[in-house]
Amino acid sequence: MTISLSLAATRVPPTGTRALSSGVTVTLAPAGSPPGSPSARRCVTGSGSNKQPWRFVVVESEEWKQALASTVYVPANVATAAFAAAIVTEGAGRTLDVGRAMQNMMLVAWNDGVASCPNGMPDPAATADALGLEGDLLPVTVLAFGYPRRDLAPESKSAEEWSAEANRMPLDELVIDRG
Ligand SMILES: Cc1cc2nc3c(=O)[nH]c(=O)nc-3n(C[C@H](O)[C@H](O)[C@H](O)COP(=O)(O)O)c2cc1C
């Protein structure tokens, strides 16, 4: 993954789709994009004024992964992942845009059965060092990706059961309906 690390440092636009030796394909395009189509080679997530303020630093080798792991709140998340993808921006800004890309990446991954977890960090500058970043680039989040250890069998429960298990607030508490 040296290629992606240098991508972040040199600010070359990120490649949209990348097959990793772990058998996982990182894609920043919508699920279902025909392979090789222009959209499959780009990150199509929207961003404010289409500034695309992000770079995606992909880390797969043990050496880079362990160094990165030691800088996040829960090192095991990254240390045991198939790979990690940090989303970095200038000064760790544009967090709304980063959230849009992050969630798209997580949903696309899950569509292919790949689980993921965002990781925060106590010292973004230390994480930037571990990612080999230069200039003002700082990480906003480090996404850990991998196949789930156990089969989660999505069809084993109804949408309502999964939703209840997720322990989220009910809609009538979340939504303020002014009529
Ligand atoms: C060990 C562990 C560490 C996590 N660290 C972070 C984190 O640093 N930042 C973050 O936004 N989410 C983090 N998450 C994810 C959130 O905790 C998770 O999305 C939220 O609790 C909802 O859980 P669910 O998606 O499993 O239902 C972490 C999750 C786990 C299991």
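# Burial, sheet and ligand shell

Biologist: What percentage of the 179 residues in the protein do buried residues make up?
Modeller: This is a predicted model, in which local features need pLDDT of at least 70 and side-chain atom pairs count only at pLDDT 80 or more, while totals for chains, interfaces and linings use all residues. Residues are numbered from 1 along each chain as its sequence is written. A residue counts as buried if 20 or more other C-beta atoms, placed from the backbone, lie within 10 Å of its own, as exposed if 12 or fewer do, and as partly exposed in between. Of the 179 residues in the protein, the buried share is 33%.

Biologist: How many helices and strands are there in the protein?
Modeller: Both kinds of element are DSSP runs numbered from the N terminus, with helices (H or I) of at least four residues and strands (E) of at least two. From the N terminus on, the elements run α-β-β-β-α-α-β-α-β-α-β-α-α. The protein has 7 helices and 6 strands.

Biologist: What order do the 4 strands of the open sheet have?
Modeller: Two strands pair if DSSP finds at least two bridges between them, and strands of a sheet pair through backbone hydrogen bonds, either parallel or antiparallel. The pairing in this open sheet of 4 strands is antiparallel, with the order 3-4-6-5.

Biologist: Which are the edge strands?
Modeller: The open sheet has the strand order 3-4-6-5. An edge strand here pairs on one side only, and this holds for strand 3 (55–59) and strand 5.

Biologist: How many bridges join strand 4 to strand 6?
Modeller: Strand 4 covers residues 83–90 and strand 6 covers residues 137–146, and the two run antiparallel. Within this pairing Val-88 has Pro-139 as its bridge partner, and Ile-87 has Thr-141. On another side of the sheet's order, strand 3 and strand 4 pair over 5 bridges, whereas the number that joins strand 4 to strand 6 is 8.

Biologist: Which strands does helix 4 touch as it packs on the sheet?
Modeller: Two residues are in contact if their C-beta atoms, placed from the backbone, lie within 7 Å, and directions are compared through lines fitted to C-alpha atoms, for helices over the stretch in contact, with angles from 0 to 180 degrees between N-to-C directions. Helix 4 (residues 95–111) has a direction that makes about 15 degrees with that of strand 6. The strands that helix 4 touches are strand 4, strand 5 and strand 6.

Biologist: Why is strand 4 largely enclosed by the rest of the structure?
Modeller: Strand 6 is likewise largely enclosed, because 8 of its 10 residues are buried. For strand 4, the reason lies in its number of buried residues, which is 7 of the 8.

Biologist: Which residues touch the most other members of the largest nonpolar core?
Modeller: A nonpolar core is a set of buried Ala, Val, Leu, Ile, Met, Phe, Trp, Tyr and Cys residues joined through C-beta atoms within 7 Å. In soluble globular proteins, nonpolar side chains tend to be buried together. Of the 37 residues in this core, the ones that touch the most other members are Leu-68, Ala-84, Ala-85, Ile-87, Val-88 and Val-142.

Biologist: Is Val-142 buried or exposed?
Modeller: Val-142 is found in strand 6, and the residues that it touches include Leu-68, Ala-84 and Asn-119. Because 29 other C-beta atoms lie within 10 Å, Val-142 is buried.

Biologist: Which strand gives the most to the shell around the ligand?
Modeller: A residue is near a molecule if its C-beta atom, placed from the backbone, lies within 6 Å of it. The residues around the ligand are Tyr-73, Val-74, Asn-77, Cys-117, Pro-118, Asn-119, Gly-120 and Ala-166. One of them, Asn-119, has Val-142 in strand 6 as its bridge partner. With 3 residues, the element that gives the most to the shell is strand 5 (residues 115–119).

Biologist: How many nonpolar residues does the shell around the ligand have?
Modeller: Ala, Val, Leu, Ile, Met, Phe, Trp, Tyr, Cys and Pro count as nonpolar, Asp, Glu, Lys and Arg as charged, and the others, Gly among them, as polar. By these classes the shell has no charged residues and 3 polar ones, and its number of nonpolar residues is 5.

Biologist: Is Asn-50 buried or exposed?
Modeller: Asn-50 lies in the loop between strand 2 (25–27) and strand 3, and has a positive phi, near 55 degrees, in a residue other than glycine. Because 8 other C-beta atoms lie within 10 Å, Asn-50 is exposed.

Key
Lists of a residue's contacts leave out its neighbours within four places in sequence.
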